[in-house]
Amino acid sequence: MENLTERKKQPDVVRRNLIDCTARLAAEQGFSAVSVQAVASAAGVTKGGLFHHFSSKHTLLEAVLGDLLAKLDADIDVLISRDRDDHGCFTRAYVNAFFTDRKRETYAQWSAMSVALISEPSLRQMWQSWIDGRMERHKKTDGDSGLELVRLAVDGIWLADLMRDDGQAGNTGEALRKRLIRATRREDKI
């Protein structure tokens with residue numbers, strides 16, 4: 001009984017745990033494994049406890065995507081703050097964040113969430129709003145079509161990774177990252 005009392009006093013901790021368990025379950029077992037019961041069990045709460053924090057599985061998935069976008073935002077902001085060249089700074093940060101993330105646990109979470117992202121209109125809208133917001137903030141530095149082509153190439157690598165059983169498509173290592181970064185410079189285009 002003491003455990004329930006502690007949980008009531010820490011709703012943010014329970015909410016965070018539900019988001020983390022959902023992301024971990026999706027990454028380890030695939031999107032199809034993410035059910036309300038599976039998430040509740042993994043988080044150590046009842047289904048009613050889950051529904052206290054999230055009105056539906058869909059709102060839980062929106063929270064997971066929101067969390068991943070917030071982490072991506074933070075990573076990109078750090079990378080932009082270190083960049084001394086304004087032209088293409090968002091695109092370089094996008095490229096570097098992607099290639100760095102491929103080595104992290106969050107990459108598997110992104111891969112699992114992509115299934116939901118493709119099939120769920122509200123999640124696609126969240127992604128599109130994130131892109132639109134970033135492009136609005138960086139339209140002076142990253143608005144040209146050559147930089148858009150670089151960002152679309154990164155998205156293509158992400159999709160190619162998703163289609164592979166081993167999660168890593170073709171020649172997508174350091175040489176490709178460097179080539180994409182070079183393409184963001186004024187003097188070198190794809």
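This is a predicted model: local features need pLDDT of at least 70, side-chain atom pairs count only at pLDDT 80 or more; totals for chains, interfaces and linings use all residues.

Trainee: What is the handedness of the crossing of helix 5 and helix 8?

Mentor: Helix 5 (residues 57-82) and helix 8 (residues 121-137) pack with axes 10 Å apart, at an angle of about 20°. That makes helix 5 roughly parallel to helix 8 (angles under 35 degrees count as roughly parallel). A crossing is right-handed if the near helix is turned clockwise from the far one by less than a right angle. Here the crossing is right-handed.

Trainee: How do the residues of that contact divide by class?

Mentor: Contact means heavy atoms within 4.5 Å. Helix 5 brings residues including L61, L65 and D73, which meet residues of helix 8, among them W127, W130 and R134. By class, the contact has ten nonpolar, three polar and five charged.

Trainee: Which helix gives the most to the lining of the largest pocket?

Mentor: The largest pocket has a volume of about 400 Å³, and 17 residues line it, with Y94, W110, W127, D155 and W158 nearest its centre (lining residues have an atom within 4 Å of a point on a 1 Å grid, and a pocket is an open set where a 1.4 Å probe fits, with protein on both sides within 12 Å along at least five of seven lines). Helix 6 (89-101), helix 7 (105-119), helix 8 and helix 10 (145-163) each give two or more residues to the lining. With five residues, the top contributor is helix 7.

Note on methods: Residues are numbered from 1 along each chain as its sequence is written. Side-chain values use heavy atoms; hydrogens and water are left out. Axes are lines fitted to C-alpha atoms, for helices over the stretch in contact, and angles run from 0 to 180 degrees between N-to-C directions. Helices (H or I, at least four residues) and strands (E, at least two) are DSSP runs, numbered from the N terminus. Angles under 35 degrees count as roughly parallel, over 145 as roughly antiparallel, 65 to 115 as roughly perpendicular and the rest as oblique. Ala, Val, Leu, Ile, Met, Phe, Trp, Tyr, Cys and Pro count as nonpolar, Asp, Glu, Lys and Arg as charged, and the others, Gly among them, as polar. Grid points are joined across faces, edges and corners, and a volume is the space filled by probe spheres set on the points.
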